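Please look over the sequence and the structure below before reading on. The paragraphs that follow lead through a group of strands and then a pair of helices.

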Amino acid sequence: MLKESRTTLSTSDKQMRLLIIEDDRESADYLVKAFREVGHIADLAGDGEEGLAMAEGGDYDVLVVDRMLPKRDGLSVIGALRDKANRTPVLILSALGQVDDRIKGLRAGGDDYLPKPYSFAELLARVEVLSRRNVGPSEETTYRVGDLELDRLSHRVARGKDELTLQPREFRLLEYLMKHAGQVVTRTMLLENVWDYHFDPQTNVIDVHISRLRSKIDKGFDRPLLHTIRGAGYMIRDGIR
Amino acid sequence: MTAFGKLVRTTAFRLTLFYLFLFALFAASLVGYFAWNTRRLITEQITTTVNAEVGEITDIYNRRGLRGLVFNIESRALRPGSNLYLVTTPTGVAIAGNVGSLAPGVISTIGWSETAYRRLEDQDRSDHRALVRVTELPDGIRLLIGRDLDERRRMFVIVAKAAQWSVLVVVVLGILGGIFVARRVLQRIDAMTGTTQRIMTGDLSGRLPVGRSGDELDRLAENLNAMLERIEALMKGLKEVSDNIAHDLKTPLTRLRNRAEDALAKSSCEADYRAALERTIEESDGLIRTFNALLMIARAESGQARGNMDDFDAADVASGIHELYEPLAEDDGMTLRLKTAPAPLHGNRELIGQALANLVENAIKYGKPAQAPQPGTVVSLDTRQILIEARREGDTVLLSVTDHGPGIPEADRKHAVERFVRLDSSRSQPGSGLGLSLASAVATLHGGELRLSDAHPGLVATLAIPFRNGASERLAAQTLDVPQKVA
């Protein structure tokens, strides 16, 4: 049952190769199992040295690195990789969830930071977004999902023949969703990327923004494009899988 | 360690010994200098008188011959306390004078010499020493005139005694003084040590004794007492927090456990399990949020988040938060309004933003008008309005959130900021009771405070943050050079 619910979480069309560097056996096994269940390939390294060697040798799409590792600290693993011009996207997992730790992690060369404890849905969504980033920056000026069209230069949004009027922040929200069309985007990812805040709002503040956006882009159309993914977040895509 | 050993080891005692040594050295050198100069003076006096007499006597010999010389010498030798005189033939045979014996060879050495001698009249006495001058008169007659050095010796003895005594007195007084000072200091230090040991065993209410003299030890004690005060307050806070955590975290944990147990026992179909698990995840997410908030508060309070401070405009933060919460407020039937003036600030943007967000969330949750409008009265829209305001007043940046709900009674305001305190005793609204604590901790971190005041009716929660808080002065000065952004 859970297995089935996980497969619905994964939205990546492409199978990812992941390296998980984590010393806690139980969480590592859980991650490897969970990633494999959603159809990705996940390797495991139990300490910093092993992780660095494997990351250098293997061709991975994303590295998931714990900060505190035996033999070699997670940040130092990332630093060593970056020094050798290895640009594989890295997501840092850490029990140190505070703002300054996150900034430290990103400065060390990490691409994203997720404090423990995390939900697997959140981790998966972020890893998938990272893996796509590695494929190549999507710098098209126009995003298209179904008959929804967003022009990044003229800030015009249209669905079919109807021109939609969006507030600036609604535009940025939609832009972020469409940039990651077909991928699950979590609430914290939206708060981070659209509002640039990294705290956990205690209320459903993001949901309200989404429902406003939804009422503008989906209301009155037969095919909804903006979907809520239970237990994970939101996704914009044409049709339901 | 013995009491004496402890005494000897004190800084005061060691310093005393050091000064004692210096003073003894000083006294000794002073006396030595004095003695040396006295000796020189006496010798000078002797040579002057002797030289004068040699001149006189040579003159008498030249004028009156040997007979006159002998006569003169004999008369001089008879005077009390007289010099030494001796006249000899060129071969050294005594002719006249008062010298009984001399060290051998003295009479044949022309010029000054120091010698042992014996007077004619006191045969019994032992040798004396004298400074003598031997001159050769015409015809080879030798004349010896000298002066007893006893005076010089006595003088030297007196001075030496004085030196001994003065050094002795200095040493004894010094050691006694040192012991006195060391004991005094030691007693006070022992009192302090005793208190600190009591404190270390857990009695945090102990305070160090403070004297009235206001000396350095009193100042130290005062400072340590202030530190103890702070530690006690922190410990008390910590204890309260852990009590509250125990209570407020145990409740959801119990709930979580009960549900899991219940699901395990009663659920029959997959949908039931699923629902139970979903609720479990929800509940644990809430717990995680509470933990995060607690950690954030602890970090802000301990000042660890001082890194990552930069310059930004509080007005931007206010409009960002306004923009974020505006739809939520509207869904709740409230209006969120914004009023800003440029308010440059140096601080942690993330934390200030979160603090303001907490205030806004509180206003949305608790700031609804207290009672339904009375029929017939004109209700101004204002009561459902929440105002976010950012402005600068003198050197203080004010970020405030005003609602027109029931407000917080003045008596409860101090209490409201404490962790886990939820004035809504029914706890009907979701929330951890940490929002105001975090806002307050963030304000404190930036050297400011969270002020709660009355909005008649309603609550004004204000983050008052000094524009120039200690660490930011340098940066604040820099920003003055930067051309201001045109809003």
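Helices (H or I, at least four residues) and strands (E, at least two) are DSSP runs numbered from the N terminus, and two strands pair if DSSP finds at least two bridges between them. This is a predicted model, in which local features need pLDDT of at least 70, side-chain atom pairs count only at pLDDT 80 or more, and totals for chains, interfaces and linings use all residues. Residues are numbered from 1 along each chain as its sequence is written, while chains are lettered from A and ligands numbered from 1 in the order in which they are written.

In the hairpin of β5(B) and β6(B), five residues lie between the strands, and D139(B) there takes a positive phi near 75 degrees. Strand β5 (residues 128-136) of chain B pairs with β6(B) in the antiparallel sense over seven bridges, with T135(B) opposite L143(B) of β6(B). Strand β1 (residues 84-88) of chain B also pairs with β6(B) in the antiparallel sense, over five bridges, and here Y85(B) stands opposite I145(B). Because six of the seven residues of strand β6 (residues 142-148) of chain B are buried, this strand is largely enclosed by the rest of the structure; buried means that 20 or more other C-beta atoms, placed from the backbone, lie within 10 Å of a residue's own.

Turning to the helices, the axes of α4 (residues 216-266) and α5 (residues 270-302) of chain B, which are lines fitted to C-alpha atoms over the stretch in contact, come within 9 Å and cross at roughly 165 degrees. The two helices α4(B) and α5(B) are therefore roughly antiparallel, a term for angles over 145 degrees.

Definitions and conventions. Buried ≥ 20, exposed ≤ 12 C-beta atoms within 10 Å, placed from the backbone. Axes fitted to C-alpha atoms, helices over the stretch in contact; angles between N-to-C directions. Parallel < 35°, antiparallel > 145°, perpendicular 65-115°, else oblique.
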